[in-house]
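Hi there,

Here is the structure I promised to pass on.

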Amino acid sequence: MALQLGDEAPDFTATSTEGELRFHEYLGESWGVLFSHPADFTPVCTTELGRVAALKGEFDKRNTRVVGLSVDALGSHETWSKDIEDVTGHKLNFPLVADQGRQVADTYGMIHPNASDTQTVRSVFVIGPDKKVKLTLTYPAATGRDFSEILRVIDSLQLTAKHKVATPADWRQGEDVIITTAVSDEEAKQRFPGYETVKPYLRKTPQPS
């Protein structure tokens with residue numbers, strides 16, 4: 001069965017461009033992003049890996065560790081990494097797992113039989129410090145991922161895990177948020193003084209710090 005939100009992200013040990021990787025141990029108390037690629041030397045994925053390398057500082061600010069995955073061999077990854085740096089100007093600075101046996105891809109449901117029975121689809125899993133799956137995304141091969149959106153989602157996930165709020169459509173860091181319906185008006189007055197009632201079920205407040 002496909003992994004669902006709230007499921008524990010399966011642990012695994014695999015070879016990567018940064019040596020043997022024990023996934024849960026590597027994440028530690030951090031948030032994590034695991035994202036897969038159909039194969040090495042694919043054009044869209046080359047741009048994506050370079051983009052993630054460029055954004056490493058943004059992931060670090062969010063206490064988030066990134067792991068890439070492809071079903072090709074480690075030697076292929078190492079050669080591909082030179083192309084990634086050449087094309088994007090950014091050197092690979094996070095582990096890229098070599099999943100030749102497809103153990104990780106199969107465990108995470110990354111193989112899409114309707115597209116291919118050998119290559120991974122382009123999946124994204126955001127994982128919390130509790131090792132539970134917080135977000136899943138699956139992209140078709142022809143559409144590059146928007147990693148700014150993935151960072152935005154991580155901002156929302158981290159905020160809403162800490163406070164009794166939700167984020168509205170198109171929310172960005174620092175904008176107003178929504179008080180969850182589980183919070184009574186009395187509790188809201190204490191937690192979020194000066195909040196705005198738009199509708200009885202929709203109450204807005206500045207983002208908690």
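**A buried serine and its contacts**

Leaving aside neighbours within four places in sequence, Ser70 is in contact with His37, Ala39, Asp40, His77, Leu96, Val97, Ala98 and Asp99, where contact means heavy atoms within 4.5 Å. Ser70 belongs to strand S4, residues 64–70. Its relative accessibility is 0%, so Ser70 counts as buried. For that scale, buried means under 20% relative accessible area, exposed means over 50%, and partly exposed is in between, with a 1.4 Å probe and protein chains only.

Before you go further: this is a predicted model, in which local features need pLDDT of at least 70 and side-chain atom pairs count only at pLDDT 80 or more, while totals for chains, interfaces and linings use all residues. Residues are numbered from 1 along each chain as its sequence is written, and side-chain values use heavy atoms, with hydrogens and water left out.

**The whole protein**

The protein has seven helices and 11 strands; these are DSSP runs numbered from the N terminus, with helices being H or I of at least four residues and strands E of at least two. Its C-alpha atoms fill a box of roughly 60 × 40 × 30 Å along the principal axes. Of its 209 residues, 44% count as buried. Among contacts between residues at least 6 apart in sequence, 64% join residues at least 24 apart.

The accessible surface comes to about 10,800 Å², and 48% of that belongs to carbon and sulfur atoms. These areas come from the Shrake-Rupley method with a 1.4 Å probe; for residues, only the protein chains shown count as cover.

**Charges and salt bridges**

There are 23 positive and 30 negative side chains, and the centres of the two sets lie 6 Å apart. Here Lys and Arg count as positive and Asp and Glu as negative, with His and the chain ends not counted. Each charge is placed at NZ of Lys, CZ of Arg, CG of Asp or CD of Glu.

A search of the whole structure finds 14 salt bridges, each being a side-chain nitrogen of Lys or Arg within 4 Å of a carboxyl oxygen of Asp or Glu. Three of them are worth a look:

- Arg22 and Glu20 meet at 3.0 Å, N to O. Arg22 is partly exposed because its relative accessibility is 41%, and Glu20, at 55%, counts as exposed.
- Lys61 and Glu58 pair up at 3.3 Å, N to O. Both lie in helix H3 (residues 56–61), three residues apart, about one turn of the helix. Lys61 is exposed at 63% relative accessibility, whereas Glu58 is partly exposed at 27%.
- Lys189 bridges to Glu186, with the closest N and O atoms 3.4 Å apart. The two are three residues apart in helix H7 (residues 185–191), so about one helical turn separates them. Glu186 counts as exposed, at 53%.

**A negative patch**

Which residues gather in a patch of negative charge on the surface? They are Asp170, Glu175, Asp176 and Glu196. Patches are made of residues with over 30% relative accessible area and no salt bridge, like charges being joined within 9 Å and nonpolar side chains (Val, Leu, Ile, Met, Phe, Trp, Tyr) within 5 Å. Glu175 sits in the loop between strand S8 (165–166) and strand S9 (177–179), and counts as partly exposed because its relative accessibility is 38%.

Best wishes
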